[in-house]
Amino acid sequence: MLKYRIHISSRYEHMRPLIQSIVKNGVPEGTEVIYKGRNTVYRMPTDSRPIIIKSFKRPGFINSYVYTTLRKSKAERSYLNSKKLQQLGFRTPAIIAYAEVRRGNKLLDSYYICEEVVGNNMRYWEEKPDADHVLHGLAQEMLKFHQAHIWHKDFSPGNVIYTGSPESGYKYYYIDVNRMAFNVSSRKKLISMFRSMHDSFDETARLARHYAQVSGEPENTIVAEALDAYKRYIDSRTLRHKIKRMLKL
């Protein structure tokens, strides 16, 4: 017998019938897909404003039990981490709900639902006319993460949305936050947030120079640490790809 675990933020309780329908029947056919990879992200219009539904890929056999007994599911972690970030002064899209479909102690489907934030992401920032303004603001945000001892393990350009302009200032919102650790004091782990914000040494160094400006730390030190984190990330990614190719032989 299937069991449905649904947790809805109090201000969105009026959406319970819609969320229950999604969880029990799946995302309605024809709903706009805005991302499809390991997980699928949908954009659904509602009477008030569009909502975003992230449908997580069903976990493998072992993890299907791990996520109900030993660890929280990715959907629940998305909800809880977003809530904690907001409490600490960071922005995320408004949190609506998370839900899980289980059979006994086995996790099947899971969803995280939030409001849509309309803005730009950090991809290809070098092509943006206001790139240095945006990077300066992002560097300030990174420093806030580090001062709060938060390690965002998936700090990548597609997971940072920003709104605003050089004149009005920028606001930064964080998505895909299920891979995150709090109370982290390791500088190496915190600095590793530079590793996947861009796929070039030059642009990673550019962000690091802005970080040095806002942190007051020596530019040479920050740039060297950021590029070391980037190089280690590229090396590990290259090694993983080689191993995967070898296993296919």
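A: Two strands count as paired if DSSP finds at least two bridges between them. In this predicted model, five bridges join strand β3 (residues 40-44) to strand β4 (residues 51-56), and the two run antiparallel. Within this pair, Tyr42 stands opposite Ile53 of β4.

Strands β3 and β4 belong to an open sheet of six strands, ordered β1-β5-β6-β4-β3-β2 with antiparallel pairing. Its edges are formed by β1 (2-8) and β2 (32-36), each of which pairs on one side only. From one strand to the next, the twist averages 20°.

Two helices accompany this sheet. Helix α1 (residues 16-25) lies across β1, β3, β4, β5 (95-103) and β6 (106-115), and runs at about 145° to β1. Helix α2 (residues 61-69) packs on the sheet by touching β5 and β6, its direction making about 65° with that of β6.

A second open sheet has three strands in the order β7-β9-β10, again with antiparallel pairing. Here β7 (120-121) and β10 (169-174) are the edge strands, each pairing on one side only. Six bridges join β9 (residues 160-165) to β10 in antiparallel fashion, and Ile161 stands opposite Tyr173 in β10. Helix α4 (residues 131-147) packs on this sheet, where α4 touches β9 and β10 and its direction makes about 50° with that of β10.

The nonpolar cores complete the picture. In the largest, which has 37 residues, Met122, Phe155, Phe194 and Leu207 touch the most other members. At least two residues of this core come from each of α4, β9, β10, β11 (180-181), α5 (187-191), α6 (201-215) and α7 (219-248). The greatest contribution is that of α4, with seven residues. Leaving aside residues up to four places away in sequence, Phe194 touches Met142, Thr204, Leu207, Ala208, Tyr211, Ile222 and Ala226.

The crossing of α6 past α7 is right-handed. On the α6 side, the residues that meet α7 are Phe201, Thr204, Ala205, Ala208, Arg209, Tyr211 and Ala212. Their counterparts in α7 are Glu219, Ile222, Val223, Ala226, Leu227, Tyr230 and Lys231.

Notes: Residues numbered from 1 in each chain as written. Predicted model: local features only at pLDDT ≥ 70, side-chain atom pairs only at ≥ 80, totals over all residues. Heavy atoms only, no water. Helix = DSSP H or I, 4+ residues; strand = E, 2+ residues; numbered from the N terminus. Contact = heavy atoms within 4.5 Å. Axes fitted to C-alpha atoms, helices over the stretch in contact; angles between N-to-C directions. Core = buried A, V, L, I, M, F, W, Y, C linked by side-chain atoms within 4.5 Å. Buried < 20%, exposed > 50% of the residue type's maximum accessible area, 1.4 Å probe, protein only. Left-handed = near helix turned anticlockwise from the far one by under 90°.
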